[in-house]
Amino acid sequence: MMLTRSPARRGLTRLALTLALGLAAIAPALAAPPSDADINRLLAASRAQSMLDTMLPQIEAMQRQQFQQVAEQRQLDEAKKAQLQRIEQRTNQTIRQALSWQQLRPMYVDLYKKTFSKEDVLAMAEFYESSAGQSLLDKTPALMQNVMVAIQDKMQPLFVDLQKDLEAIVNEGNAPAAAPAPAKK
């Protein structure tokens, strides 16, 4: 006995096959990696370079503070202080060169390509180009400052308690011996 398919069934089979082939052709396009131009658009919209430029002075300030601590902890003569200052200047130059936008932009592009699809990058670029995205970028520094203040406020009582515990431990051996408690009958 020979199986025959109805014209409707053949039409459904063709439709399913056409849809499957169409989806197979579309899927790679949806998961396509972003182009350099897509990523550059996102980096410009998200102000990546200006954020990096803002971070550099903060990094230098931390570095300067570390060098000052080294100088304060050791009794350095003027020659050693001058030498330390030259090392600090060279370190700052190295950091500025290593963290320059010219050096980091290719890394950003590569990492975004590895991490995000073209669809992701375009959606993020559109968001950052919007008024809501620009508002987020404008207000993020204030938000981060407020978060840091709130965290410090939350941590302050913990540090006070920790300081008391440390003092108790340090003073434990230095305290006069207490009289022994009377024995219970």
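Q: What share of the 185 residues of the chain counts as buried?
A: The share is 15%. Buried means under 20% relative accessible area, exposed means over 50%, and partly exposed lies in between, with a 1.4 Å probe and protein chains only. The model is predicted: local features need pLDDT of at least 70, side-chain atom pairs count only at pLDDT 80 or more, and totals for chains, interfaces and linings use all residues. Residues are numbered from 1 along each chain as its sequence is written, and side-chain values use heavy atoms, with hydrogens and water left out.

Q: Why is S46 called buried?
A: Its relative accessible area is 9%. The limit is under 20%. S46 is therefore buried.

Q: Where does S46 lie, and what is in contact with S46 beyond its neighbours within four places in sequence?
A: S46 lies in the loop between α2 and α3. Contact means heavy atoms within 4.5 Å. With those neighbours left aside, S46 is in contact with M51, Y128 and L137.

Q: How many helices and strands does the chain have?
A: There are 7 helices and 0 strands. Both are DSSP runs, numbered from the N terminus: helices are H or I with at least four residues, strands are E with at least two. Along the sequence the pattern reads α-α-α-α-α-α-α.

Q: What makes up the largest nonpolar core?
A: A nonpolar core is a set of buried Ala, Val, Leu, Ile, Met, Phe, Trp, Tyr and Cys residues joined through side-chain atoms within 4.5 Å. The largest one has 11 residues, including I39, L52, W101, Y112 and A125. Two or more residues each come from α2 (36-45), α3, α5 and α6. α5 gives the most, with 4 residues.

Q: What is A125 in contact with, leaving aside its neighbours within four places in sequence?
A: A125 is in contact with R41, L42 and A45.

Q: What volume does the largest pocket have?
A: The volume is about 570 Å³. On a 1 Å grid over the protein atoms alone, a pocket is an open set of points with protein on both sides within 12 Å along at least five of seven lines, and lining residues have an atom within 4 Å of a point. Grid points are joined across faces, edges and corners, and the volume is the space filled by probe spheres set on the points.

Q: Which residues lie nearest the centre of the largest pocket?
A: They are M51, T54, M55, T140 and P141, out of 20 lining residues. The largest share of the lining, 7 residues, comes from α3.

Note on methods:
1 Å grid on protein atoms, 1.4 Å probe; cavity = no way out; pocket = protein on both sides within 12 Å on 5 of 7 lines; lining within 4 Å.
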